[in-house]
Amino acid sequence: MSKLTWLHKNLFSSWYNSLLTVVCLGLFFTMMWGFLNWAITQAQWTVIWVNLRLFLVGRFPQSLYWRVWIVLAIASTFSAITVGVFFGKQPLRKRRLAGYTLISGLLCVIFPWDLTTRLWLLLIATLLITGFWLGGKFHQLIAPWLSLTWLLSFPIILWLIGGGLGLESVSTDLWNGLLLTLLTAVVSIVLSFPIGILLALGRTSNLPVVRWFSIFYIEIVRGLPLIGILFLAQVMLPLFLPTDLRLDRVLRGVAGLILFSAAYMAENLRGGLQSIPRGQTEAAKALGLNTPLVVILIVLPQALRAVIPAIVGQFIGLFKDTSLLSLLGLVELTGIARSVLAQPQFLGRYAEVYLFIGLIYWIFCYLMSLVSQRLEKQLNVSQ
């Protein structure tokens, strides 16, 4: 079907469809023209550039930025390898490689970065390409060790950010901006997922105590707003701990996110568990598999594959919910925006600041959605 045929069939098939198309296009171009006119002639984007480091790492000591760069290099390399393992079986096309190289070069040349920043960006860009190539080239060799590699890298990342064991310690009060947002989101996602699986299995268990405890927890948490749970984690959680044990504010905030997300994750997974025919479980037991093996090898893989969109949707919601931590005094990405807007020279620059942080949230959420779609497509093809 040619483009003209498609346009005639979908947009100009009748007089009222043609009128509606013209009106919608007129409104769209009017809005875009107004936005571009404001963005080019009226907006003061210097508020973003001057405070870019605040948005990204907050008050993290500037002399220790090399540790943040190493963390970014580690995360970028392992992420590229992971993407290469799952989606990079086809050879890297020259056009995509040229486009990626051009964009990376423009970012390093056009923006007035200092020499150290440019070198780090070039190194990370090279690591991304290398990691993607390695993941696609040796996916059969790397895939079995991928989860263990991520698990071992996480303590190293925390050590580099927080210090200790030979490195200068950095207080969590200095973990701000996008750094804190990503850290809390990743920890909450990683820990809430297995807890949600256990709660989902517990709700479908034949043991009354386990089943009713899971139901009680899920229904109670789902009936409370997240902001309420976050405040409870900040105020009530220390009351249940020994007096000599004081949890950090960041840990308490992450605990609230985990407790909240695990309940919703359990319900999403329960829907996947109920979609598995009972005959498969009975067939597995007839072959001599015990109940744990049936769940791990037969039931869970199919259930997780069935609810990939719901799981990723929960991850995206959890990533955005980290913005509520700013109400608890944690200066994450939204909290750092308040600090920027409090500067006398940038009073009233709400549109520029919130458009910028909104763009950051959208980029990460869209990447998660894109990976979900590719993963779901690959699993459907492999059936």
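**Reading helix packing in a predicted model**

UniProt, in an unreviewed entry, places the feature "domain: ABC transmembrane type-1" at residues 174-372. The model discussed here is predicted.

User: What is the helix and strand content over residues 174-372?

Analyst: The chain there is 75% helix and 0% strand.

User: How should I read burial along a helix, and which residues of helix 11 are buried?

Analyst: Buried means under 20% relative accessible area. In helix 11, residues 226-235, the buried residues are Leu226, Ile229, Leu230, Ala233 and Gln234. Viewed down the axis of helix 11, these residues fall within an arc of 140°, so they line one face of the helix. Their cover includes helix 10 (208-222), helix 12 (249-274) and helix 15 (308-321).

User: At what angle do helix 13 and helix 14 pack?

Analyst: The angle runs between N-to-C directions, on a scale from 0 to 180 degrees. For helix 13 (residues 278-286) and helix 14 (residues 291-306) it is about 145°, with the axes 10 Å apart. The crossing is right-handed. Helix 13 contributes Gln280, Thr281, Ala284 and Lys285 to the contact, and helix 14 contributes Thr291, Val294, Ile298, Val299 and Gln302. By class, that contact has four nonpolar, four polar and one charged residues.

User: Is Val47 buried or exposed, and which residues does Val47 touch?

Analyst: Val47 lies in helix 3, residues 46-50. Val47 is buried, at a relative accessible area of 0%. Leaving out residues up to four places away in sequence, Val47 touches Phe55, Val340, Phe346, Arg349, Glu352 and Val353.

Technical notes: Residues numbered from 1 in each chain as written. Predicted model: local features only at pLDDT ≥ 70, side-chain atom pairs only at ≥ 80, totals over all residues. Heavy atoms only, no water. UniProt positions renumbered as here; feature names shortened; annotations may be inferred. Helix = DSSP H or I, 4+ residues; strand = E, 2+ residues; numbered from the N terminus. Buried < 20%, exposed > 50% of the residue type's maximum accessible area, 1.4 Å probe, protein only. Arc of directions from axis to C-beta. Contact = heavy atoms within 4.5 Å. Left-handed = near helix turned anticlockwise from the far one by under 90°. Nonpolar A, V, L, I, M, F, W, Y, C, P; charged D, E, K, R; others polar.
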